[in-house]
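Student: I have a model open and want to go through some local details. Can we take it piece by piece?

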Amino acid sequence: MITQVFNPFNQDLVGTVPDMDTRGVEALLERARTGAKAGRAMPRHQRAAILESAAGLVGERAEEFARLIVEEAGKTIRQARKEVSRCVNTLKLSAHEAIRNAGEVIPFDAFPGSENRQGWFTREPLGIIAAITPYNDPLNLVAHKLGPAVAAGNAVILKPSDLAPLSAIELVDTLIEAGLPAEVITVATGGAELGEAIVSAPDVRMVSFTGGFVTGESIARTAGLKKLAMDLGGNAPVIVMADSDIEDAIESCVSGAFWAAGQNCVGTQRILVESAVMDRFREGFIKATLLLAVGDPLDEATDVGPMITEDHAERAHAMVEAACAAGADLLCGNVRVGSLYHPTVLENVPETSALWSDEAFAPVVVLQEFSDLEEAVSMANHTEYSLHAGVFTSNLDLALAVSERIDASGVMVNDSSDYRFDGMPFGGFKYGSMGREGVRFAYEEMTQPKVLCIRRQ
């Protein structure tokens, strides 16, 4: 059995991958056990050298990787190139972590009675890690799991999205070409039953998952007693104060809302604008949105490409229709042509609407006026799904005060919510928040401290 991978824009066949079933799980685990021994045995300098070499190879083949991302995931070519450059950086950061984050000396003599003891702790690999990755960043989000895992000396069973698995497989091949023992990373492609069998296996010591809440809950129920790291998406708010640079805020929020056709877990979904500048912001935002070019993602001029499937585009259309039926005002967009869904802006969306409270994961953004900062913070914190938020203001004291009160794992000041540096801690803040990505922080999630204490005689 095989799974076919189709181009989201034109439905051309891009490639195929095996559709594995649960009968092959024991073979996957046996290979991973061998990989775990090989990973642990590699000295840190060797892990770092492999990751550095892989980063160099990805950089040399940047255009090939970018085109593959466009073909299987539908990102525009310019966005795909940026993802490739981020993948290179993620691998380099992972190489640095392999030789930097080895442990610490423990000051035993800080406790009375332990003056004759000294020692340290090291960071040891967990063993086998199951990594389950999504379609929206099919290369860099894979690197965010593989890079730290390899740096720490683990083995990985990687299950990429069946909608966009080819970039992940190419990255694994590149790591092996760079010198990684082939058994360290085992790729598993197949359906939900295969995933359940992998995450429930006792030999799997950690599951690192990026995806939706329903799947995340299922994994948590299935996994048993093991570490879990979950990036489950969000519904990002951005607060725009009247004293901010409005033109800059418009430009940043348009990018934050519609990058990757809105299929971005930190994408700007709700923009809360102070009353004094609402008319100006609304007019400028709609104008800038209508200027975005929608179409062929391989065209250098395209700003917004297709969503991953027609069904995903139809889901976005249905959410907008439901919000409008509940009283929201449609300002522009809500046009679907196949898997293309034009950037859509609404205002006055009821708080009872799914578009206000849930993650749209689509090129859809809601504008909402506020007159009181307390009201803005309350609206920002309305949803249970929280990753990033943003605030635009020229008042640093206000920015700091608001940042302290917004329930999010990251608050971007004078940036849209979708800014992310691959070395920063990244994860959820409310429901479903488990662990952090960002190379150093993922590395620490994927290791366990081991103490050595020596008593002098």
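Student: Is Q11 buried, partly exposed or exposed?

Tutor: Q11 counts as partly exposed, at 43% relative accessibility. Buried means under 20% relative accessible area, exposed over 50%, and partly exposed in between (1.4 Å probe, protein chains only). This is a predicted model, where local features need pLDDT of at least 70 and side-chain atom pairs count only at pLDDT 80 or more, while totals for chains, interfaces and linings use all residues. Residues are numbered from 1 along each chain as its sequence is written, and side-chain values use heavy atoms, with hydrogens and water left out.

Student: Where is Q11, and what is its phi?

Tutor: Q11 is in the loop between β1 (2–6) and β2 (13–18). Helices (H or I, at least four residues) and strands (E, at least two) are DSSP runs, numbered from the N terminus. The phi of Q11 is positive, about 65°, although Q11 is not a glycine. Most residues other than glycine have a negative phi.

Student: And what about phi of F361?

Tutor: F361 has a positive phi too, near 50°, and is not a glycine either. It sits in the loop between α12 (354–357) and β16 (364–370). F361 counts as buried because its relative accessibility is 19%.

Student: Changing topic. How many salt bridges does the structure hold?

Tutor: There are 24 salt bridges. The criterion is a side-chain nitrogen of Lys or Arg within 4 Å of a carboxyl oxygen of Asp or Glu.

Student: Which residue forms a salt bridge with R78?

Tutor: D303 does, and the closest N and O atoms are 2.9 Å apart. R78 lies in helix α4 (residues 77–100) and D303 in the loop between α10 (278–290) and α11 (310–325), so the pair ties together parts that are 225 residues apart in sequence. R78 is partly exposed at 38%, and D303 is partly exposed at 24%.

Student: What does R86 meet in a salt bridge?

Tutor: R86 meets the side chain of D422, at 2.8 Å from N to O. R86 is partly exposed at 23%, whereas D422 is buried at 3%.

Student: Which residues are linked in a network of salt bridges?

Tutor: E26, E30, R33 and D203. Within that group, the side chains of R33 and E26 meet at 3.0 Å, N to O. Both are partly exposed, R33 at 24% and E26 at 45%.

Student: Last one: where is F426, and how far is it from V156?

Tutor: F426 is in the loop between β18 (410–413) and α15 (439–445). F426 and V156 are 270 residues apart in sequence and 21 Å apart in space, C-alpha to C-alpha. F426 counts as buried, at 1% relative accessibility.
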